[in-house]
Amino acid sequence: MKNTISERIADFLKAFPPFSNLIKEQLETLSQEVTIIYKEKNKLIFSVDESAHHQFYVVHKGAIALWDKEEKTVLDICDEGDIFGLRPLMANENYRLTAKSEEETILYAIPIDKFRPYIKENRTVADFLVESFASNTRNPYDKTNRGQLLGDAIQSSSKNNTPLLDLQLVDFSRNIVSVSEQTVIQSIAEKMTSKGIGAMLIEKKGLPIGIITDKDLRNKIATGDHPITAKAKKIMSSPVITYPTKLTITQAQMAMMKSNISHLVLTEDGTVNTKAVGILSKHDIMLSLGNNPAVLVKAIKRTNSPEEIKPLRNGVMNLLRGYLDQNIPLTLTSKIISELNDACIKKVVELSLGQMDSEPPAKFAWLAMGSQGRSEQLLHTDQDNALVFEDVAESQFEKTQKYFLQLAKTITVGLNAIGYEYCPADMIGSNPKWCKSLSGFKKMTTKWITNPGPDEVLLSSIFFDYNRAYGDKKLVSKLSHHIFDTVAKYPIFLTHLASGALMNPSPSGFFREFLVEQDGVYKDFFDLKQRALMPLVDAARVLILSRNVVDISNTWERYEKLAELEPNNKELFLACSYATKALLRFRTKQGLLHNDSGRYINLEQLNKEEKMKLKRTFKTIKQIQEVLSVRFMVSRIR
């Protein structure tokens, strides 16, 4: 007779990770061991320093509040499908938090000894549990059980400067054509010609024993060393050199160079003892190199028009997809994509200069602003840029600005041609407001800093994240030092900037529910940019300005620098750095999936795990906003 209660438990659990990763039979068996617990409002489940129970808990209905040691602050609310009380069982320690029912609640208690075998057998389950915020570990920088947010880590010893060829997997042909060692060479040659292939695999009992390439036919048959009626075993290269399928470009190149061969046979386990699944040729490697950053940069430099650059930018997007699919760290991914984007911009500027009637009348620099200036613009979005030129005599100013306005217009048209939409607010270099002399920009930024209003704060938040994309480095350095020196003289500006940063809308409500747009085209969508990313970006800007740190515009690098400067807040700043990368990765994936900017998220299309990972960043956002509120004595907008 079926246990209808356990069936209902299984039906509930299968909708939530990590149980959704169990097979039906495992889930049914586990559900029979689950104990159902009912708690009235404000009832204790466990308390700080209490010995760990023999089970962890899943919220079926209701909500559980996790309190700090003094029971003065609610650190988190666990609702339907959330796990809690797991960390002590994994770390063999007492509870660090107190858990109480926030309302009438039904819990499922799962014995750890019944669940532990699934942790050992299923890597996906194990990974999820380690990273689960409901295990009393909210901070991904926890020293014992450091988890991952949105897959921003990679199990690799690679540093950020690791060459991408060491990480990029090769594409290979899975269309294997094979014959036996007794096949006549003439038949092999005819088959290779008809199939359009450069190598023939020789197999015996379904396993690879040799290979014949077109080079073998030239060197051993065309020279007369062997008759065309000879058998394959007479000229085949044997034993065949095999490798596993997960081969990087560098590994493949080194293997071919080491053995002086042009083809590798890829097998199920990388040995001759398992079935061949593909053949990799030098041609395959060259095709893989077509999506390699070094090759793309060279191709960009060889272009003669923006129209030639556009398809290469599509290659950049393909590269981005590949990096995300391989779970390469976002720090490395963003650096490479930003370098490629900068190469595109630099080439457009060079092409635009070539279209001008004369050489520039003065030194200048092209500035990328906003997300592009922060090296955080991974997707094709709009362009925010400016042009600064060196000071000239007053009599030459009008003529000089006219030249650079024309140049800027040519540049922005070129950028639009390769995929950058025009800025809706017209914050582009072809606008006279954003095409000024060094003195002109100094005057404008000084006005913002000394007389800050809402508009000035908004403009500052975009402009102050600039980065030099092309041109004179000293010009940009002079402007940067002027801005930081002026801010140091007028610290009240930081209070206004902090106040502006705290005006970003909250990402979640009291019970951690997502706060979505109430009207408009994106009604009921979650604004990932405004509610999650921008609070972190804006806070980093204010804090780095207050520390007078020049030449760091990237958000997570700003937080990492702040962690060095303020050891007492190191853990929070590193958590902010981590959360920024996690959110940007999520936005980028969503943008690639839906072919848009990834800003607005349809929550109904996210699964429980994705929602959980997003929510995991919200506490960090709240904490950094509280730091701004206290440090700059401004109130948060709730």
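Start by selecting Pro 18, which sits in the loop between α1 (4-13) and α2 (24-31); helices (H or I, at least four residues) and strands (E, at least two) are DSSP runs, numbered from the N terminus. Pro 17 and Pro 18 are joined by a cis peptide bond, with omega about 5°.

Before going on, note that this is a predicted model, in which local features need pLDDT of at least 70, side-chain atom pairs count only at pLDDT 80 or more, and totals for chains, interfaces and linings use all residues. Residues are numbered from 1 along each chain as its sequence is written, and side-chain values use heavy atoms, with hydrogens and water left out.

Next, select Ser 238 and Pro 239. A cis peptide bond joins them, with omega about 0°. Pro 239 is in the loop between α8 (232-235) and β12 (242-244).

Now turn to the rings. The structure holds 28 aromatic pairs. Rings of Phe, Tyr and Trp (its six-membered ring) pair if their centres lie within 6.5 Å; planes under 30 degrees apart count as stacked, over 60 as edge-to-face and the rest as tilted.

Select Phe 46 and Phe 84: this pair is tilted, at 5.9 Å centre to centre with 40° between the planes. Phe 46 is in strand β2 (residues 44-46) and Phe 84 in strand β6 (residues 83-84), 38 residues apart. Both Phe 46 and Phe 84 are buried. Buried means under 20% relative accessible area, exposed over 50%, and partly exposed in between (1.4 Å probe, protein chains only).

Move to Phe 364 and Tyr 470, a tilted pair at 5.9 Å centre to centre and 35° between the planes. Phe 364 lies in strand β15 (residues 364-368) and Tyr 470 in strand β18 (residues 467-471), so the pair ties together parts that are 106 residues apart in sequence. Phe 364 counts as buried at 7% relative accessibility, and Tyr 470 counts as buried at 18%.

For a ring cluster, select Trp 434, Phe 441, Trp 448, Phe 463, Phe 464, Tyr 466 and Phe 493, which ring pairs link together.

Two backbone stops remain. Asp 426, in the loop between α15 (394-417) and β17 (435-437), has a positive phi near 60° without being a glycine. Asp 426 is partly exposed, at 35% relative accessible area. Asp 551, in the loop between α20 (528-546) and α21 (555-565), is also not a glycine and has a positive phi of about 75°. Asp 551 is exposed, at 65%.
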